[in-house]
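Hello,

Here is the structure you will be working on. Please look through it first; my notes follow below.

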Amino acid sequence: MASSPCGSNFDCGLEIKTRSVEQTLIPLVSQITTLINHKDKPKKSERTLRAIQRVGQAVSAAVGRFVAVGEAIAVENEELKEEMGLACFEARRAGNTIAQLTDVSTLEQPESDARSTVFSDRTAMVKAARMLLSSVTKVLVLADRIVIKQIITSRNKVLVTLDQLERVSTFQEFVQIFSQFGNEMVEFAHLTGDRQNDLKDEKKKARMAAARAVLEKCTMMLLTASKTCLRHPDCESARMNKDAVFQRMRYALEQVIEIVTDSRPGAGAGGAGDAQSVMPISLYTGIKNFKGKVEGLRESLYHVSAESLSAQLEALLEQMEDFTDSPYTHHDQRQTLLQMCTLARQETHTLIAAWTEAQSAKEMEATEEVELAILKACQSVGELRKELHKIAVGRASEQLKQQSEHLALSALKAGGGEGNLEAVAQYARTLAEQKEQLVETCRLLCHVSGTEPLEITCIHAEETFHVIGPQIISAAQTLALHPSSKIAKENLDVFCEAWESQLCDMAVLLREINDVFEGRRGDKKAYLSLPRPGKHSANLKTAKAAKLDSEEQTTLAKLGLELRLLTSDVDSEVERWEDQEYDVCRHSQTISSMAYSMYLFTRGEGLLKTTLDLFHQAEMLSEQGFQLCSHLHSFATQLADEDKALVLSETEKLAACSQQLQMGAKTPVQGKSATFLKVEQSIQNTKGVMTVVVFLLPVCHKLLKKHTSGRSSLSSPQEWREKQLPITPVREDTVVAPVMPAQTQSQTQVNGKSSNGFGVKSLEQHMANLTFLESK
């Protein structure tokens, strides 16, 4: 690719911001590179000439099809018609030129010469290739502008309806407008979800995810806060609660537009975007930059000054105050950090002394003294980074453990329901203290997160706790003033659920930070949001979703959370295995990954979008269960009788659970209620499989360590594979179609438009409840 006419970025001067544009260009660049870089021999065989001609014709035909789509897009978008038309014309002309230049029939073939080159005018080919890539890229970028326009148009519709919702004064009017608002938010969710996954810039992707997370939570809060305000119009705490939600939602909407249009963030306070727009440098980044400068002295003793290096270290150590000055940092941790800071300062001063001496001696390369000082200085700040990570992660783990039972939230709900203002005030102070601790913990995690996208996620978490804490308190105060109000109770429940959800997100964030620190990074799947042939209409068609009632949603959420905890347990056990390529360990990890995607389905996230996707995943998981049973049988044959009996007993349970899961997933059903019951049963059966796996993993690990020294066959995964029983293979070409979650779509509608909705599940639940407004 590096030798392509337009360089390795394929953009010929046009900035490519999305993966869909880039992925569309790659095959074309590859073919053109083949033409440009063909071996320019004076003589070529007939076979070579025909091959090059076929490539030229293929390029021309592909460009023709591509241009036809571009012209169709131009017809539907009048404002781009002229620009798109010109770009399409240039692309078609360049494609025809390449076809002519590679046409064997036009070559002159004198009798004295066996063969001429495939094209004698190489300059013309390079020129045509450049024009083709430039024009095709321009067409793609123009098409991308249509996606941006769709998002802006959708945002504008949401804002108009949001203004109407804020001004309503009757329940009837609110129900009517909120129904429209819900549909508009679903459309916005589709568009922004596709865009988020298509972005190349990981920082922008993280900012988009943060803004969409705010919108997801705020959509729920907006509904209940508005209902509470309508029911109790003279309640000041209810009005404050509602105003805060509307304000935060508007900032999140603006943040999305800033990302997709690359505009500068606007001034203001209270939005997630404001915290993310001016990101302070983290300690991780500061340490990385400092080490880079120090190690750069090996290349040149004169590229930086001693004063700048010393100043950079002092600025770095000053930032350490976020850790050392925190009232929540343990005394021994504070002392350790201060000692490490002193050591880093001493090693840097030693380096500067050796470095200055080498400069005085006119040395051109680092001396042994300088080299040793470089190593010690880097080691000192490296150890400092490890200690910071240990403190931040330890603090976060401790906080999550303390918050796991949600005692303050339960007390606020109880106090509010009893109309006990004094109890609400008491536990409001407790929650405010917990909020401050979580905010500071997120700030410390930001310092050690290791990547800019994770830093953005930490800032989002910090801002979320900072905002939701007071909102929970105001919702509790409203309930205490109106303890018999069902809607006020529902409102408090929604804000408490948002707090609990953010704690779950923080646990996931903590794991990702640890993965980065330990060098483990998960693979990311790419999605395309570019208009495609036959799908270039600017009007988005959203799939119809079945509405689940409140009880069904609660059941699904509870099952999902239980499944999530089991996947965490499996993952923790897997990490204890020294060699994770053992078949038992490997298949357990695969089962856990599949179960996690089913958990995401219950949240309206991930790749499983329809009930069909969920049932298919359940079948695949059951097959993985049977494979794991096969490996467990092989493993058990090498154990002592007592140990063998234990493993075989649990293996039979696993086989029974897998069989039950498979049969349930294959059972045909009709109707919404039956489909929901099948979803519920599939997740229940998956929990059964996971429960057995959670028990088996530590048992197998212990037995493996016990018998490894005496039985070398146990230490060889390959030998296990050779002894395994016949199994049903899993289709590796299975792809989960990205469509909307929690939908009872027709089973033929799997390969529909990719979407990534937020809050759709919850929206449907509350919209189903709107008919009961007057009874609350």
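Lys 149 is partly exposed because its relative accessibility is 36%, where partly exposed lies between buried (under 20% relative accessible area) and exposed (over 50%), using a 1.4 Å probe and protein chains only. The side chain of Lys 149 forms a salt bridge with Glu 79, at 2.9 Å from N to O; the term means a side-chain nitrogen of Lys or Arg within 4 Å of a carboxyl oxygen of Asp or Glu. This pair joins distant parts of the chain, 70 residues apart: Lys 149 sits in helix 4 (residues 122-167), and Glu 79 in the loop between helix 2 (46-76) and helix 3 (81-101). Helices here are DSSP runs of H or I with at least four residues, numbered from the N terminus. Glu 79 has a relative accessible area of 48%, so Glu 79 is partly exposed too.

This is a predicted model, in which local features need pLDDT of at least 70, side-chain atom pairs count only at pLDDT 80 or more, and totals for chains, interfaces and linings use all residues. Residues are numbered from 1 along each chain as its sequence is written, and side-chain values use heavy atoms, without hydrogens and water.

The salt bridge count is 26. In one of them, Arg 443 meets Glu 462 at 3.2 Å, N to O. Arg 443 is partly exposed because its relative accessibility is 33%, whereas Glu 462, at 17%, is buried. Asp 163, Glu 166 and Arg 250 are linked in a salt-bridge network.

How many disulfides (cysteine sulfur pairs within 2.5 Å) were found in the whole structure? The search gives 0.

Regards

Terms used
Disulfide = S-S within 2.5 Å. Helix = DSSP H or I, 4+ residues; strand = E, 2+ residues; numbered from the N terminus.
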